[in-house]
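Here is a short report on a structure. It goes chain by chain, then looks at contacts and rings.

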Amino acid sequence: MPLPPDAATPMIEMRHVNKWYGDFQVLKDISLSVSKGERVVICGPSGSGKSTAIRCINRLEQHQQGQIFVEGVELTDKVKNIEHVRREVGMVFQQFNLVPHLTILDNLTLAPRRVRKQSRKEAEARAMQYLERVKIAEQAHKYPSQLSGGQQQRVAIARSLCMEPHILLFDEPTSALDPEMIKEVLDVMVSLAEDHMTMICVTHEMGFARTVADKIVFMDHGQIIEMAPPQEFFTAPRNPRTQLFLSQVLSH
Amino acid sequence: MGYDFDFTAISNNAGLLLHGAGLTLLLAAIAATIGVALSIGGAATILWGHRWARRAVQTYVEVIRNTPFIVQLFFIFFGLPSLGVRIPAVTAAALAMTINLTAYGIEIVRAGIGSVSPGQREAGLSLGISPVSVFIFVVLPQAIATVYPALVSQIVITMLESAVVSQIAVSDLTHAADLIQSRTYRAFETYFVVAVMYLAMALTLRWALNRAGRQLFAGKA
Amino acid sequence: MVELSLTQIVPFLLLAARWTLLLSAIAFVGGGVGATLLLLWRYGAPRVGGRATSLFIQLFQGTPLLLQLFLVFFGLPMIGIDVTPLMAAGVALTLYASAFLAEIWRGCVDSIPRGQWDASDSLGMTFLIQMRYVILPQSLRIAIPPTVGFLVQLLKSTALASIVGFNELTRSGQIVANATFQPFIVYGLVALIYFAMCYPLTVGSRVLERRLRTAR
């Protein structure tokens with residue numbers, strides 16, 4: 001039974017989450033709590049389990065031990081819970097994953113019409129609003145293949161926003177982009193952050209983390225090694241592994 | 001007979017041949033539309049169905065793919081009546097062709113679905129779209145676009161294989177040829193002309209279906 | 001109507017299946033030789049051979065096998081050759097197999113990188129030596145799974161020989177079914193025997209394909 005949300009209830013709560021792929025343990029005792037309006041950045045080397053961790057939050061991956069609560073609703077095998085969570089939690093992928101045979105506008109209205117049963121007019125009006133927000137309204141009638149990577153990713157963000165989620169998950173949103181397009185996507189993410197959208201962002205972009213995050217989580221080998229607000233994290237990291245990682249990442 | 005080919009017999013019977021060609025194409029069309037639809041359902045069942053449904057479909061696919069079409073046809077047309085199910089020859093032909101096409105179609109569609117990047121499904125699911133809707137609106141169109149040429153080939157193959165239904169007296173193009181040659185004793189000429197007609201139909205069918213495919217899937221990939 | 005028990009029907013059908021296997025073997029070997037000749041022509045004399053073989057393949061892939069069979073069956077006597085059903089079926093299926101195998105093997109040879117041809121050319125190898133020592137050995141590995149797959153298709157295709165009177169499995173089935181008025185059981189058995197012959201080859205082809213993929 002979902003608990004009624006209140007100021008004290010965190011938006012996302014992960015308690016002692018463990019996950020295995022066969023014999024390999026990919027998540028070890030992950031405990032994390034995200035409050036409303038909080039912006040969390042998760043960083044760490046490849047293979048540290050950071051993507052897996054956030055993919056457990058919208059059940060694209062299943063955890064075997066521990067509990068995950070989203071707005072008080074526990075994520076279990078119950079389909080109704082999963083569907084509820086996915087409506088309220090949006091995700092932006094590294095590979096954008098726009099649907100190639102639909103126009104930009106249709107990409108954005110697909111979920112609102114199918115899931116929230118909005119009318120075409122209503123959905124399109126809202127979609128155009130969000131396309132303006134990410135500064136790409138003029139491309140509404142093109143197909144994804146006609147847009148650059150940076151444009152596609154901004155469309156993907158707008159697509160998630162059309163479902164008006166309470167939480168946005170970002171899975172390395174700029175890692176597949178050419179360097180000159182990273183800024184346009186980060187700008188959109190910064191503006192969302194400034195509006196206090198609750199977000200968890202897996203990224204290598206430390207500049208973004210420093211500017212916008214409320215707390216930074218460092219993961220390595222499936223564990224949370226360190227968690228701290230940016231000033232503390234960047235200037236006085238406590239764990240030697242964090243220090244090593246920062247020295248490697250911040251050298252360029 | 002002999003070396004002086006005489007093709008007049010064929011021109012006299014042009015109407016019969018055209019009727020036969022029409023039925024051949026009609027049977028192919030029926031098998032194609034119903035077959036592709038069933039193939040999609042069958043592929044979905046193999047990928048996501050309950051264990052028993054999956055096994056049933058896989059068994060069906062293996063049985064059809066490892067037995068000759070003519071035997072399947074005879075089994076349906078001659079075998080079923082002894083169980084009390086009596087069907088006209090044309091229906092048996094359409095049924096056999098559909099059952100045959102579907103078995104190959106299922107493998108083709110399954111390969112197509114497998115070729116769609118998993119990120120597409122994940123994106124759809126993460127938007128809260130139900131798995132069924134994700135399949136229908138996001139994954140399936142991409143799968144069909146990818147394997148469309150293979151499906152077209154299979155449809156053409158089915159159309160050519162349908163010559164066999166003449167053996168249960170269905171009035172298709174081959175049956176028309178059988179009738180004409182038995183009356184005129186011009187077997188070689190008749191079958192030659194009919195072979196050319198099949199070739200023309202195969203090429204036209206392939207061209208037409210590919211053109212339709214280009215319209216449907218144009219520039220969106 | 002003739003009363004026949006299963007213990008009488010099954011052996012009868014199995015004996016007929018020998019002819020199915022014989023015809024398949026003839027067509028497969030003949031087709032293999034034919035396909036090899038076609039490919040040698042195609043790669044040896046690309047302008048003429050290429051076009052001629054493409055035409056040949058398109059003709060046999062674009063017309064029904066049944067009609068190919070009829071044309072051979074009625075055509076050979078016209079040039080003075082007295083033809084038995086086995087001969088007609090053998091010739092027709094050999095031509096059919098040549099076309100399909102040529103197409104399959106062409107795909108395999110084409111998948112050999114251009115660099116192999118260039119390297120052996122620059123070593124001064126003649127065409128035949130190239131094929132024998134460089135190109136064919138590599139294509140062979142790739143070609144085995146789809147060739148085994150085609151053998152299944154060929155086995156099934158022999159069923160059409162029944163229509164020109166060759167006494168293989170399908171025709172024997174027809175005879176028994178008509179005699180015993182038990183088409184459901186008889187054609188069921190016929191299907192089962194074909195399945196028993198084809199399925200192992202189908203599985204074999206898949207296993208070979210998987211082994212090929214992991215080996216590369």
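In what order do the elements of chain B run from the N terminus on? They run α-α-α-α-α-α-α-α-α.

## Model and conventions

This is a predicted model, in which local features need pLDDT of at least 70 and side-chain atom pairs count only at pLDDT 80 or more, while totals for chains, interfaces and linings use all residues. Residues are numbered from 1 along each chain as its sequence is written, chains are lettered from A and ligands numbered from 1 in the order written, and side-chain values use heavy atoms, without hydrogens and water.

## Chain B overall

Chain B has 9 helices and 0 strands. Both kinds of element are DSSP runs numbered from the N terminus: helices are H or I with at least four residues, strands are E with at least two. The C-alpha atoms of chain B fill a box of roughly 70 × 50 × 25 Å along the principal axes.

Chain B has 221 residues, and 52% of them count as buried. Buried means under 20% relative accessible area, exposed means over 50%, and partly exposed lies in between (1.4 Å probe, protein chains only). Take the contacts in chain B between residues at least 6 apart in sequence: 77% join residues at least 24 apart. Contact means heavy atoms within 4.5 Å.

Strand 6 of chain A spans residues 89-92 and is covered on both faces. A:Val89 and A:Met91 are buried on one side, A:Gly90 and A:Val92 on the other. In a regular strand the side chains alternate between the two faces of the sheet. Strand 6 of chain A runs parallel to strand 7 (residues 167-171) of chain A, with 4 bridges joining them. Strands pair if DSSP finds at least two bridges between them. A:Val89 has A:Ile167 as its bridge partner in strand 7 of chain A.

Helix 3 of chain A (residues 104-114) is mostly covered, with 8 of its 11 residues buried. Among them are A:Ile104, A:Leu108 and A:Pro112. The buried residues of this helix pack against helix 4 (120-133) and helix 5 (149-162) of chain A, together with helix 7 (131-161) of chain B.

## The interface of chains A and B

In all, 22 residues of chain A are in contact with 18 residues of chain B. The two chains bury about 1,900 Å² between them, 61% of it on carbon and sulfur atoms. Buried area is the accessible area (1.4 Å probe) that two parts lose on being put together, summed over both. A:Arg86, A:Asn97 and A:His101 supply 28% of the area that chain A buries against chain B, more than any other three residues.

The count between chain A and chain B is 1 salt bridge. A salt bridge needs a side-chain nitrogen of Lys or Arg within 4 Å of a carboxyl oxygen of Asp or Glu. The side chains of A:Arg55 and B:Glu122 meet in a salt bridge at 2.7 Å, N to O.

## Rings and charges

The whole structure holds 21 aromatic pairs over all chains. Rings of Phe, Tyr and Trp (its six-membered ring) pair if their centres lie within 6.5 Å; planes under 30 degrees apart count as stacked, over 60 as edge-to-face and the rest as tilted. B:Phe77 and B:Phe78 are edge-to-face, at 5.1 Å centre to centre and 65° between the planes. B:Phe74, B:Phe77, B:Phe78 and C:Tyr187 form one aromatic cluster.

A:Arg210 lies over the face of A:Phe234, 4.5 Å from the ring centre. The criterion for a charge over a ring is NZ of Lys or CZ of Arg within 6 Å of the ring centre and within 35 degrees of the ring normal.
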